[in-house]
Amino acid sequence: MGDMSEMITVSELYDLKETIASELLKEVTYPWEALPKIHDFIISLGERLPKEIYEERGEHIWVAKSAKVAPTACLNGPLIVDEDAEIRHCAFVRGNAIVGKGAVVGNSTELKNVILFNKVQVPHYNYVGDSILGYKSHMGAGSITSNVKSDKTLVTVKGEGISIETGLKKMGAMLGDNVEVGCNSVLNPGTVIGRNTNIYPTSMVRGVIPADSIYKKATEIAGKRM
């Protein structure tokens, strides 16, 4: 697959047919470069969405008519909720969020400045901030993206032989397609997880985790038997 900096590009992590945000992600090499652009992108896309499929529920809040939104959910714009998505009881969307087709945002889950691809599940007690979650990725109950370093310095993405300055004070995690994150895990700022990788429950993850692997702890990452 080439070197590690190739593995963390948009094209290696994501199937862009599985998000309404493909036009934004095609503009960048690394996914975190899209984070500062989410706000303006949602506003420009929202105004072009077909009115027979999406309704505007407030300022810069577009919700597909086929989506299910609990009356207790809090929706702040800019926001797009795509077709057949489900926003459950007491979910808190703080804004700058794209929720993909058939995605699930569960009870007490908080979203802020995120792109959730189609069929993503963040169903119970998750915090997802300044992050991009690929097609069919799933965060187990209580797992969160930590998006600010404790010393408040800018986030660097680090992996074997690479160190990329993002220039961002806030960056959570970039999850490739079909990533499974076990319950009560913490994804530290600047985490990038390759496609089809499983993270064990209660893990503390940082840096770049290769595709098709099983993360047990930082010193124990096994390739999946294909």
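Predicted model: local features only at pLDDT ≥ 70, side-chain atom pairs only at ≥ 80, totals over all residues.
Let me begin with Thr156, which touches Ser163, Ile164 and Glu165 when residues up to four places away in sequence are not counted, a contact being heavy atoms within 4.5 Å. The side chain of Thr156 also makes a polar contact with the side chain of Glu165, at 3.2 Å; by polar contact I mean a pair of N or O atoms within 3.5 Å, where, within protein, one must be able to donate a hydrogen and the other to accept it, and where residues adjacent in sequence count only if both atoms are side-chain atoms.

Residues are numbered from 1 along each chain as its sequence is written, and side-chain values use heavy atoms, with hydrogens and water left out.

Thr156 sits in strand 15, residues 156-159; helices (H or I, at least four residues) and strands (E, at least two) are DSSP runs numbered from the N terminus. With a relative accessibility of 17%, Thr156 counts as buried, since buried means under 20% relative accessible area, exposed over 50% and partly exposed in between, using a 1.4 Å probe and protein chains only.

Thr156 also brings us to the largest pocket, whose lining consists of Lys149, Ser150, Thr156, Lys158, Asn188, Pro189, Arg206 and Gly207. A pocket here is found on a 1 Å grid over the protein atoms alone, as an open set of points with protein on both sides within 12 Å along at least five of seven lines, where a 1.4 Å probe fits, and lining residues have an atom within 4 Å of a point. The volume of the largest pocket is about 190 Å³, a volume being the space filled by probe spheres set on the points, with grid points joined across faces, edges and corners. Sorted by class, the lining has one nonpolar, four polar and three charged residues; Ala, Val, Leu, Ile, Met, Phe, Trp, Tyr, Cys and Pro count as nonpolar, Asp, Glu, Lys and Arg as charged, and the others, Gly among them, as polar.

Asp82 counts as buried because its relative accessibility is 0%, and, leaving aside neighbours within four places in sequence, Asp82 is in contact with Ile20, Tyr54, Ala64, Ala67, Val99, Gly100 and Lys101. In the loop between strand 4 (74-75) and strand 5 we find Pro78, and a cis peptide bond joins Gly77 and Pro78, with omega at about -10°.

Next, the aromatic residues, where the structure holds two aromatic pairs; rings of Phe, Tyr and Trp (its six-membered ring) pair if their centres lie within 6.5 Å, and planes under 30 degrees apart count as stacked, over 60 as edge-to-face and the rest as tilted. The rings of Tyr14 and Phe117 have centres 4.9 Å apart and planes at 20°, so this pair is stacked. Because Tyr14 lies in the loop between helix 2 (10-13) and helix 3, and Phe117 in the loop between strand 10 and strand 11 (121-124), the pair ties together parts that are 103 residues apart in sequence. Tyr14 is buried at a relative accessible area of 3%, and Phe117 is buried at 0%. The rings of Tyr30 and Trp32 also have their centres 4.9 Å apart, with planes at 0°, so that pair is stacked; Tyr30 is buried at 17%, and Trp32 counts as buried at 2%.

Finally, a word on two asparagines. Asn96, in the loop between strand 7 (92-93) and strand 8, has a positive phi of about 55° although it is not a glycine, and Asn96 is buried, with a relative accessible area of 18%. Asn196 has a positive phi of about 60°, again without being a glycine; Asn196 is found in the loop between strand 20 (191-193) and strand 21 (198-199), and counts as partly exposed at 29% relative accessibility.
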